Amino acid sequence: MDPKPSMTFIDKPVIPGDVILDVSAMMDQTIKLGGGLQQDHDTITVIKAGILRFSEPNKYWIESSHKRYIPTVGDTVLGIVVDKRADSFFVDIKGPMVAFLPVLAFEGGTRRNIPKYEVGALIYARIVNANTGMNPELSCMDASGKAAEFGLLKDGYMFESSTGLSRMLLSSPTCPVLEGLGKKLAFEIAVGLNGRVWVNAEHLSSIILVANAIMNSESLTPVQQKIMVERLLDRVN
């Protein structure tokens, strides 16, 4: 059975209680649920109003423009260290509860090489545990145990956005605003699904331009995003 739900629901508004998928006939198939959905016996049900999204091969989530973030396993987030203990860093990820990052949750992590993160440090991490009523657990390793892009983010500029904008920036194919900027400017970007974006570049003017373009893009269509980026770039040429 094709795991994709009816096209009636994909990319359309849904509300709590809507049943978007019957998994009773899906033998030997694994699906991944993002925020806003839950499995109730043989059905996948909406628990948060928003837009139902689907990405190949098997991930579903509800996209909303809420600034409040609900932690979900597998999400990448930008967190701010708010406290440190002997065995963990406590990190603000804009969720209902502070997350914790074990001092060994780094590539090659041992008690002898614990990262020296100070309060206020900005880190890029992955959620590995997100049980209701418990502090989410973070890791600075990918699924294979490598550091990949995770860890401390130095310099640059971090700003907050809606969770919907964050998902747009991480969508595939690349959204027009990032595609257009990337053709003309050299910059680094890290996007957290918790509604935080970090940008860095050699010149401060580039950082400001990229950040402004991203913040202005949320309510624009793809065509409007492309036009907006072209106009911003024309001003600095």
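**Ground rules.** I am working with a predicted model, so I kept in mind that local features need pLDDT of at least 70, side-chain atom pairs count only at pLDDT 80 or more, and totals for chains, interfaces and linings use all residues. Residues are numbered from 1 along each chain as its sequence is written, and side-chain values use heavy atoms, with hydrogens and water left out.

**Domains.** I looked up the domain assignment and found domain 1 (12-63), domain 2 (75-152) and domain 3 (157-235); such bounds come from an automatic or database assignment. I noted 28 Å between the C-alpha centres of domain 1 and domain 2.

**Largest pocket.** I searched for pockets (on a 1 Å grid over the protein atoms alone, open sets of points with protein on both sides within 12 Å along at least five of seven lines; lining residues have an atom within 4 Å of a point). The largest one holds about 750 Å³, a volume being the space filled by probe spheres set on the points, which are joined across faces, edges and corners. It has 28 lining residues, with Trp61, Glu63, Arg167, Met168 and Ser171 closest to the centre. At least two lining residues each come from strand 6 (50-55), strand 7 (59-63), helix 1 (163-169) and helix 4 (222-236). I take these elements as DSSP runs numbered from the N terminus (helices H or I, at least four residues; strands E, at least two). By class, I wrote down 12 nonpolar, nine polar and seven charged residues for this lining. Here Ala, Val, Leu, Ile, Met, Phe, Trp, Tyr, Cys and Pro are nonpolar, Asp, Glu, Lys and Arg are charged, and the others, Gly among them, are polar. Where does the largest pocket lie? It lies between domain 1 and domain 3, because both give residues to its lining.

**Second largest pocket.** This one has a volume of about 460 Å³. Its lining has 19 residues, and Ile70, Pro71, Ala130, Asn131 and Thr132 lie nearest the centre. I noted 10 nonpolar, eight polar and one charged. Domain 1 and domain 2 both contribute to the lining, so this pocket lies between them.

**Cavity.** Next I looked for cavities (sets of points where a 1.4 Å probe fits but cannot get out). The cavity lies between domain 1 and domain 3, since both give residues to its lining.

**Thr76.** I found Thr76 in strand 8. Its relative accessibility is 14%, so it counts as buried (under 20%; over 50% is exposed, in between partly exposed; 1.4 Å probe, protein chains only). Beyond its neighbours within four places in sequence, its contacts (heavy atoms within 4.5 Å) include Tyr124, Phe150, Leu170 and Asn194.

**Lys84.** Lys84 also has its place in strand 8 (residues 76-84). At 37% relative accessibility, I logged Lys84 as partly exposed. Leaving out neighbours within four places in sequence, Lys84 is in contact with Phe89, Tyr117 and Glu118.
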